[in-house]
Amino acid sequence: MPRIVDLMIERATILTMDASLTIIENGMICVDGDTIVHVGPMPYPADKATIDNNVLPEFRARKTIDAAHGLVLPGLINGHTHAAMTLFRGLADDLPLMDWLNHYIFPVETNMDREFVFTGARLACAEMILSGTTTFCDMYLFENETAKAASQSGVRVLVGEVLFDFPSPNYGPIEKGFEYTQNLIDAWQGDPLVSIAVEPHALYTCSPDLLQKANEIAIQNSVPLAIHVAETQFELETIQSRYGKKPFEHMESLGILGPHIIADHCVYLDDSEIDRIRNHGVRVITNPESNMKLASGVPRIPDFLERGIVVGLGTDGCASNNNLDMFSEMDSLSKLHKIHRMDPTVMNAVAVVKSATIDSARALGLSDRIGSIENGKRADIIIVDMNKPHLTPMYNPYSHLVYAVSGSDVSHSLINGKLVMENRKLLTMDLDDIMTHACLQADRVRKWTAK
Ligand SMILES: [Zn+2]
């Protein structure tokens, strides 16, 4: 008797992103509940359709997706973003950092509320599903709203409330911020989609006391600690003049370096700092488009990889990118380092696809569950429709994914075993409603930023 499963993806070219980077031509994936229960070749040749009779020796599915023109891969993992900043997209660009912050970002952030963040995060979830992202790591204010938006949209998320020395429009004084973080951890414990991280903003906005207390909460609850580190020259100089130490040297002296640390950006690291993060098992998320747009600098990613440091990929927020399309981010990751090194061989397509899938999963501490298509892992899977002029012919799937595919080529998305997009139609959310609410929030932003 064949085993009855919930879903079968048939006749697919499957990029598993497993340890051997196995590619299966004319393959099939069976999903039952939230889990991948079988990955392997089809028992029939590619030209023999099995959709009509749906008869396979071992499996029979309640629902079947024919992916004959599809490239199937693990859902992309956006390792660092600020989802609600979708509502800031295009509000102000091309400005010096302090002008941008003081006249646009801060006036909005001091006025914003739960509804604003929920609306922005829902908009972000729609954009992410539509462009092939199935998991994101978020840092912002009112993060319970981001968790709710992701949960309702069916998107996997690692969220943390941003902590800093000054009063927050959400929780007020920092003591309440620690409480809010602990409440998030308790409230979402065991949730199938939502995980919580502790997220102090950065070394220049967080006192040593704050950082140590945040780290204690992370260690006690066995959750990661995500933080912006060494993003700009200004930050490097500030930390050196304030503490007489380099950024990671400062963290090391506070006793807060370890494999639970997710360090976003890491642009200004010399050899000693690179050795330091490698020795402590710190994981890195790189955000090339944000670093370029804000003219922050170029991190030494090829050196990190050479030394075995785990590097995942993120878009950062929509105010500094200005989209959440991880395909576009992969393209930029590769090309930024090629031009910077004047070497077309660095950051090849395979390394880049790894950074957006399994390495982002490793960086976020989620690789036991996601990041590759393997038996026993959660079914976070996307299908890219390759039956397009700009993707025909295909010699090398990694090359197309990095240099030719864009987010709008993704046709299907499955997260935790649940189909959230089918033939580009969102199944978990009402797009018109989301965009209407986004426009209403934009009216508030215009008032807050009016001169
Ligand atoms: Zn950021």
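**The metal site and its surroundings**

Modeller: We may begin with His-80, which is buried at a relative accessible area of 1%; buried means under 20% relative accessible area, exposed over 50%, and partly exposed in between, with a 1.4 Å probe and protein chains only. This is a predicted model, in which local features need pLDDT of at least 70 and side-chain atom pairs count only at pLDDT 80 or more, while totals for chains, interfaces and linings use all residues. Residues are numbered from 1 along each chain as its sequence is written, and side-chain values use heavy atoms, with hydrogens and water left out.

Biologist: Which residues coordinate the zinc ion?

Modeller: The zinc ion is coordinated by His-80 (NE2), His-82 (NE2), His-228 (NE2) and Asp-316 (OD), at 2.1 to 2.4 Å. Donors are N, O and S atoms within 2.8 Å of the metal (3.2 Å for Na, K and Ca); water is not among the atoms, so sites may look incomplete. Along the chain, the donors of the zinc ion follow the spacing H-x1-H-x145-H-x87-D.

Biologist: And His-82, buried or exposed?

Modeller: His-82 counts as buried, at 8% relative accessibility.

Biologist: Why is the arrangement around the zinc ion irregular?

Modeller: The four donor atoms subtend angles of 82 to 171°, and the arrangement is therefore irregular. Four donors count as tetrahedral if all angles lie between 85 and 135 degrees; four count as square planar and six as octahedral if opposite donors are over 155 degrees apart and all others between 65 and 115; anything else is irregular.

Biologist: How many bridges join S11 to S12?

Modeller: Five bridges join S11 to strand S12 (residues 261–265), and the two run parallel. Two strands pair if DSSP finds at least two bridges between them. Leu-225 stands opposite Ile-261 in S12.

Biologist: Let us move to S1. Which strands does S1 pair with?

Modeller: Seven bridges join S1 to strand S4 (residues 59–66) in parallel, with Val-5 opposite Ala-61. Six bridges join S1 to strand S2 (residues 23–32), which run antiparallel, and there Ile-14 stands opposite Ile-24. S1 also pairs with strand S5 (residues 70–74) in the parallel sense over two bridges; the bridge partner of Thr-13 in S5 is Leu-71.

Biologist: Why is S1 described as largely enclosed?

Modeller: Strand S1 (residues 3–15) has 10 of its 13 residues buried, so S1 is largely enclosed by the rest of the structure.

Biologist: A change of topic: how many disulfides are there?

Modeller: A search of the whole structure finds zero disulfides, a disulfide being a pair of cysteine sulfur atoms within 2.5 Å. The sulfur of Cys-137 is too far for a bond, because the closest cysteine sulfur, in Cys-125, is 13 Å away. Cys-206 is in no disulfide either, as the nearest cysteine sulfur, that of Cys-137, is 15 Å away.

Biologist: Cys-137 and Cys-206, then: buried or exposed?

Modeller: Cys-137 is buried, with a relative accessible area of 2%, and Cys-206 counts as buried at 1%.

Biologist: Lastly, where is Glu-273, and what does its side chain join?

Modeller: Glu-273 is in helix H8 (residues 271–280) and is buried, with a relative accessible area of 1%. A polar contact of 2.6 Å joins the side chains of Glu-273 and Arg-276. A polar contact is a pair of N or O atoms within 3.5 Å; within protein, one must be able to donate a hydrogen and the other to accept it, and residues adjacent in sequence count only if both atoms are side-chain atoms.

Note on methods. Helices (H or I, at least four residues) and strands (E, at least two) are DSSP runs, numbered from the N terminus.
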